[in-house]
Amino acid sequence: LTSRKLKPEGSVVDVDGVKVGDETPAVMAGPCSVENREQLLQTAEAVKKAGAEILRGGAFKPRTSPYSFQGLGEKGLELLQLARKKTGLKIVTELMDVEHRDLVAEYTDIIQIGSRNMKNYSLLKSIGKIDKPVMLKRGMASPVKDWLLAAEYVMSQGNHRVMLCERGIKTFGEDTRYTMDLSSIPLVKEKSHLPVIADPSHGTGRWELVIPMARAAVACGADGLLVEVHPEPKKALSDGPQSLKPEKFARMMKEIRQLNELD
Ligand code: PEP
Ligand code: MN
């Protein structure tokens, strides 16, 4: 179902009017975690002003340590909904467990499946049974083949509104958090008709590298970007070191627009 042969022209995922997979890169931006009302609304206004169409924000967080901030849960989802109402931005947020599927689906426009859950086959089947766009992140140690099979798990249940997200893989490099695998973008686009989003925030773990990698990903054919933005990265409850300040994000948007106008 994911094969390019079935849809040589590529698929466009319609997120309630926002098209992912058409000529202009769809930009999803916002904090790693929803922390409070002010933080979220401030970030939402800023990314909207800079030209983003979709707001990201984690309410259920997959943290390495059980003692780290785990997200606000349903309260976080309510804040995302408030931000949507105030700005008109669409929402993308992560679903971690089958038990929260309907709750998360009620609040969000796109369900994000995180890197750690790319191989959670019961979760994949469960979101395959509902009518909601899905963004499937690549497992940090998964080959492209397994990633596409994970997308098959969702699509085989009936839900065909799937987009993929390259978020970096584990290598022996110690200078960045993960290694942004830019080559997977044209590779996946050759094998599959599904839109591909690039996440240079998790892909590098360092805010200084986010803008160059965002440009590179768009040059490689990415259909969109997922970027972490925080008004005060130093105070962020998760992923501060890889979060752009709103001014830097606006700069990134300008550079991406210029790149897109070249053709
Ligand atoms: C995230 O988007 O904040 C996240 C946890 O991503 P990943 O699953 O790629 O680590
Ligand atoms: Mn994050």
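Trainee: How do the residues of the shell around ligand 1 divide into nonpolar, polar and charged?
Mentor: The model is a predicted one. In it, the shell around ligand 1 holds 2 nonpolar, 4 polar and 3 charged residues. The residues surrounding the ligand are Cys32, Gly58, Pro62, Gly114, Ser115, Arg116, Lys137, Arg167 and His202. Cys and Pro count as nonpolar, Lys and Arg as charged, and Gly falls among the polar residues.

Trainee: What makes the radius of gyration of the protein agree with that of a compact globule?
Mentor: For 263 residues, a compact globule would have a value near 18 Å; the protein has 17 Å, and therefore the two agree. The C-alpha atoms fill a box of roughly 45 × 45 × 40 Å along the principal axes. Buried residues account for 48% of the 263 residues. Of the contacts between residues at least 6 apart in sequence, 68% join residues at least 24 apart. The protein contains 9 helices and 10 strands.

Trainee: Which residues does the UniProt domain annotation cover?
Mentor: The unreviewed UniProt entry places "domain: DAHP synthetase I/KDSA" at residues 17–258. Over that range the chain is 39% helix and 15% strand, and its end C-alpha atoms are 24 Å apart.

Trainee: Why is arginine 56 called buried?
Mentor: The criterion is 20 or more other C-beta atoms within 10 Å. Arginine 56 has 30, and is therefore buried. This residue lies in strand β4, residues 54–56. Beyond its neighbours within four places in sequence, arginine 56 is in contact with Met28, Ala29, Gly30, Val92 and Leu226.

Trainee: Does valine 196 count as buried or exposed, and why?
Mentor: Valine 196 has 25 C-beta neighbours inside 10 Å and so counts as buried. Valine 196 belongs to strand β9, residues 196–198. Leaving out residues up to four places away in sequence, valine 196 touches Leu164, Glu166, Ile185, Val188, Lys189, Ala222 and Asp223. Its C-alpha atom is separated by 25 Å from that of phenylalanine 172, which is 24 residues away along the chain.

Trainee: Which residues of helix α4 are buried, and how do you know on which side of α4 they lie?
Mentor: In α4, residues 121–128, the buried residues are Leu123, Leu124 and Ile127. They cover an arc of only 100° around the axis, and therefore lie on the same side of α4. The face turned away from that buried side carries the exposed residues Tyr121 and Ser122. The cover over the buried residues includes α3 (101–107), β6 (110–113), β7 (134–137) and α5 (144–155).

Trainee: Why is aspartate 16 called exposed, and what makes aspartate 239 buried?
Mentor: A residue is exposed at 12 or fewer C-beta neighbours and buried at 20 or more. Aspartate 16 has 9 inside 10 Å, so the term exposed applies. Aspartate 239 has 20 inside 10 Å and therefore counts as buried.

Key:
Residues are numbered from 1 along each chain as its sequence is written. Chains are lettered from A and ligands numbered from 1 in the order in which they are written. This is a predicted model: local features need pLDDT of at least 70, side-chain atom pairs count only at pLDDT 80 or more; totals for chains, interfaces and linings use all residues. Helices (H or I, at least four residues) and strands (E, at least two) are DSSP runs, numbered from the N terminus. The radius of gyration is taken over C-alpha atoms; the globule rule is 2.2 Å times the number of residues to the power 0.38. Two residues are in contact if their C-beta atoms, placed from the backbone, lie within 7 Å. A residue is near a molecule or strand if its C-beta atom, placed from the backbone, lies within 6 Å of it. UniProt positions are given in the numbering used here, feature names are shortened, and annotations may be inferred rather than shown by experiment. The arc is that of the directions from the helix axis to the C-beta atoms.
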